[in-house]
Amino acid sequence: MIVTIEKLDHFGRGLCKVNDKVCFVEGALPGEEVEIDIIKENKNFIEAKVLTIINESEHRITPKCPYYDACGGCTHQHMTYELENESKVNKVKELMERFAHISPDLVKDMVSGTEYNYRNKIILHGLNGKIGFYEEKTHSVIPIKKCLLVSPKMNNIIKILNKINVQILEVLIRCSNDGEMTLVELEGKVSDIKPLQDVCDILIYNGMIMSEHDELISKIGDKDFFISYSSFFQVNRKVTKKLYDRVLKEVKKKKPNKVLDLYCGAGTIGIYVSDYAKEIIGVDNNGSNIVDANKNKELNHVENISFICDKVENKIDSFTDIDMIIVDPPRSGLDTKTKEYLTKINPETIVYVSCDPVTLARDLGELNNNYEIKSVEPFNMFPRSSHVECVCILERI
Ligand SMILES: C[S@@+](CC[C@H](N)C(=O)[O-])C[C@H]1O[C@@H](n2cnc3c(N)ncnc32)[C@H](O)[C@@H]1O
């Protein structure tokens, strides 16, 4: 069957209509005429794969990664970066309009960085002496020699891991945001640890620190941040500063007295904006993040910030006289109690940083009785994947 693709869906698949049903075509691009094979059909939708491309889109490119088809980590390498950014902006517009009745005009242009060489963290798995990523939806390992998303120094570590005899269960590789310092945390067995010690700055081997220290230091703007191997740190070493600068712009504009930084991770956003608020309280439920947050407070000589290690939903009813609340929850978004108290605390401004526009739209749809949505700005923190980060500014009505 031959079809013409109308647009991309939220996961980067081609969309068209077949038998009056929505049809998702993996790997097809808007405007393309393709011959398809239906692989699944139910009463609401059809899934199909491309057999032949009859008319190719000008946005089609050859994926650079040799593991592209098997790995599943990148879903957008077959299209130009321009189309990827455009389709993610459209996805944010559609979701905001559908679930929160937000005009598409309030959704801004994409803020992006480089399409490759941006990640400061990856986790690889081992099986039978090989290391690599898990194949999509399975635990079989796709052995890799390099990953285009990570920094050159991280790829050098992957090269060494491939050279030594490894029986690795899991290896975490991180680098500082300038790409210069590296950390490896390895669970498993290697024949010789020395080549690894030679290429990384920090090595943690089966829980033992094999280097002088165990924290990376990364700069964002004029602030320095410790990141120990178990703490949260935004993965895009190029776009994080742009995202933090957007939050900073709002804090500079409002000059709030008291700010809550909810889901604060290692305290990075709160510390980044601390010069422009009187007092900041950060909350995160991960002990390692809060240990690092307190170290980061000292490292940057910040005195107007304090941190609480607890679930936001356990603490949210204890705050009063707050002018601004910054929230940066995990993909699941805000829970019901937190949303209820955000409106009870009634700050003048809420800055909502979100890594999932679906839950962001759901939450905005509930907050917009009391808050006016001023803008939603997409940030391409995860190039070559379907994910997109957003910063949304809400002002009390
Ligand atoms: C997307 S990260 C944001 C981190 C930080 N704002 C940053 O920019 O690095 C989400 C954070 O929420 C924390 N978290 C998840 N569920 C939580 C909860 N119920 N209460 C408090 N913190 C939570 C995680 O530990 C993680 O650090």
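Of the 397 residues in the protein, 53% are buried, where buried means under 20% relative accessible area, exposed means over 50% and partly exposed lies in between, as computed with a 1.4 Å probe on protein chains only. The model is a predicted one, in which local features need pLDDT of at least 70 and side-chain atom pairs count only at pLDDT 80 or more, whereas totals for chains, interfaces and linings use all residues. Residues are numbered from 1 along each chain as its sequence is written, and side-chain values use heavy atoms, with hydrogens and water left out.

The secondary structure comprises 10 helices and 22 strands, taken as DSSP runs numbered from the N terminus (H or I of at least four residues for helices, E of at least two for strands). The protein is as compact as a globular protein of 397 residues, because its radius of gyration of 23 Å is close to the 21 Å given by the globule rule; the radius is taken over C-alpha atoms, and the rule is 2.2 Å times the number of residues to the power 0.38. Along the principal axes, the C-alpha atoms fill a box of roughly 65 × 60 × 30 Å. With contact defined as heavy atoms within 4.5 Å, 61% of the contacts between residues at least 6 apart in sequence join residues at least 24 apart.

The domain assignment gives domain 1 (2–60), domain 2 (84–114 + 236–396) and domain 3 (121–219), with bounds that come from an automatic or database assignment. The centres of domain 1 and domain 2, taken over C-alpha atoms, are separated by 35 Å, and four residues of domain 1 are in contact with six residues of domain 2.

One cavity of 30 Å³ or more is present in the structure, a cavity being a set of points, on a 1 Å grid over the protein atoms alone, where a 1.4 Å probe fits but cannot get out. The largest cavity has a volume of about 40 Å³, the volume being the space filled by probe spheres set on the points, which are joined across faces, edges and corners. Its lining, made up of residues with an atom within 4 Å of a point, consists of Asp-9, His-10, Phe-11, Gly-12, His-76, Ser-87, Lys-88, Lys-91 and Ser-386. Since domain 1 and domain 2 both give residues to this lining, the largest cavity lies between them.

Elsewhere, Glu-340 is placed in helix H9 (residues 336–345) and is partly exposed, with a relative accessible area of 39%.

Note on methods: On a 1 Å grid over the protein atoms alone, a cavity is a set of points where a 1.4 Å probe fits but cannot get out, and a pocket is an open set with protein on both sides within 12 Å along at least five of seven lines; lining residues have an atom within 4 Å of a point.
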